[in-house]
Amino acid sequence: MSLLEQYEQQYATLIAEITIQIGQIPLISERKELYAKIDGGLVEAQELIEQMGLEIRELSSIQRSTATSKLNCAQVELKRLQNEYKKAREDSRKAQAINVAIDDYEDYYEDVSMSHDQRQRLLDNSERIERTGNRLQEGYRVALETESLGAQVLGDLHHQRETIQASRARLRETNAELGRASRTLNSMWMRAMRQKVILYTVGGCFVVAVVVSIYLTFSSNARKA
């Protein structure tokens, strides 16, 4: 086997390996090592083509024509693989960008959902705070009404106290007047009793005087007879 045939065989094997590796690009997540192998394989394939070109120069004109045709096909194949590799990398980059965008969208959706949940919790808290504020306002209103009612009750009690005190004062005045009236009545009764005693005494004396006068009259008449 000539050196050119060895180069051709190595090239064919290398192209087959590169083709398989390019087909693995969409299937592997960690592509850095794979890209390094493909890049190295393409460089090696280019070197093999150059070596085959050097060997073709040493051939006869008839052999050179056939070998040159094979070399041109190899170059076209290598160019096709390079374009395919470039396209595969670009597609992989786009797919990765899409995946990143999807992940970002999912993260954003989660953030939005979380923000929605947070907003919902904030709304719930706001409603609870509002209800609590309403209850506090209602309690404050009731407290004001209670305070007003208490002030009114205190005012009524104060007025009633003043009324009671005035009634007590009037009662004391009435008691004093009743005492004075009682003393006046007692004094009048005593005077009436004294007047009755005097009247009875005078009457008794008058009766005695009449009786004595009658007695003396009868006695005088009896002595004259």
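Ile-56 is buried, with a relative accessible area of 5%; buried here means under 20% relative accessible area, exposed over 50%, and partly exposed in between, with a 1.4 Å probe and protein chains only. The structure is a predicted model, in which local features need pLDDT of at least 70 and side-chain atom pairs count only at pLDDT 80 or more, while totals for chains, interfaces and linings use all residues. Residues are numbered from 1 along each chain as its sequence is written, and side-chain values use heavy atoms, with hydrogens and water left out.

Ile-56 belongs to helix α2. Helices (H or I, at least four residues) and strands (E, at least two) are DSSP runs, numbered from the N terminus. Apart from neighbours within four places in sequence, Ile-56 is in contact with Leu-4, Arg-64, Ala-67, Thr-68 and Leu-71, where contact means heavy atoms within 4.5 Å.

The chain comprises 3 helices and 0 strands, arranged along the sequence in the pattern α-α-α. Among contacts with a separation of 6 or more, 71% are made by residues 24 or more positions apart. Of the 225 residues, 13% count as buried. The chain exposes about 17900 Å², of which carbon and sulfur atoms supply 59%; accessible areas come from the Shrake-Rupley method with a 1.4 Å probe, and for residues only the protein chains shown count as cover.

Helix α1 has 22 residues and reaches 32 Å from its first C-alpha to its last, close to the 32 Å expected at 1.5 Å a residue. The expected span of a helix is 1.5 Å times one less than its number of residues. Its buried residues are Leu-4, Tyr-7, Tyr-11, Leu-14, Ile-15, Ile-18, Gln-21 and Ile-22. Viewed down the axis of α1, these buried residues fall within an arc of 125°, so they line one face of the helix; the arc is that of the directions from the helix axis to the C-beta atoms.

Gln-21, in helix α1, counts as buried at 17% relative accessibility. Beyond its neighbours within four places in sequence, Gln-21 is in contact with Leu-34, Lys-37 and Ile-38.

Arg-31 is buried, with a relative accessible area of 16%. Leaving aside neighbours within four places in sequence, Arg-31 is in contact with Ile-25, Pro-26, Ser-92 and Gln-96.

Helix α2 has 26 residues and spans 38 Å from its first C-alpha to its last, close to the 38 Å expected at 1.5 Å a residue. Its buried residues include Leu-34, Tyr-35, Ile-38, Gly-41, Leu-42 and Ala-45, as well as Leu-48, Ile-49, Met-52, Gly-53 and Ile-56.

The structure holds 1 aromatic pair. The rings of Tyr-35 and Tyr-85 have their centres 6.1 Å apart and their planes at 70°, so the pair is edge-to-face. Rings of Phe, Tyr and Trp (its six-membered ring) pair if their centres lie within 6.5 Å; planes under 30 degrees apart count as stacked, over 60 as edge-to-face and the rest as tilted. Tyr-35 lies in helix α2 and Tyr-85 in helix α3 (residues 61–224), so the pair ties together parts that are 50 residues apart in sequence. Tyr-35 is buried, with a relative accessible area of 13%, and Tyr-85 also counts as buried, at 6% relative accessibility.

Two annotated regions remain. In an unreviewed entry, UniProt places a "coiled-coil region" at residues 64–98; UniProt positions are given in the numbering used here, feature names are shortened, and annotations may be inferred rather than shown by experiment. Over residues 64–98 the model is 100% helix and 0% strand, and the end C-alpha atoms are 50 Å apart. The unreviewed UniProt entry also lists a "transmembrane region" at residues 197–218. In the model, residues 197–218 are 100% helix and 0% strand, with their end C-alpha atoms 31 Å apart.
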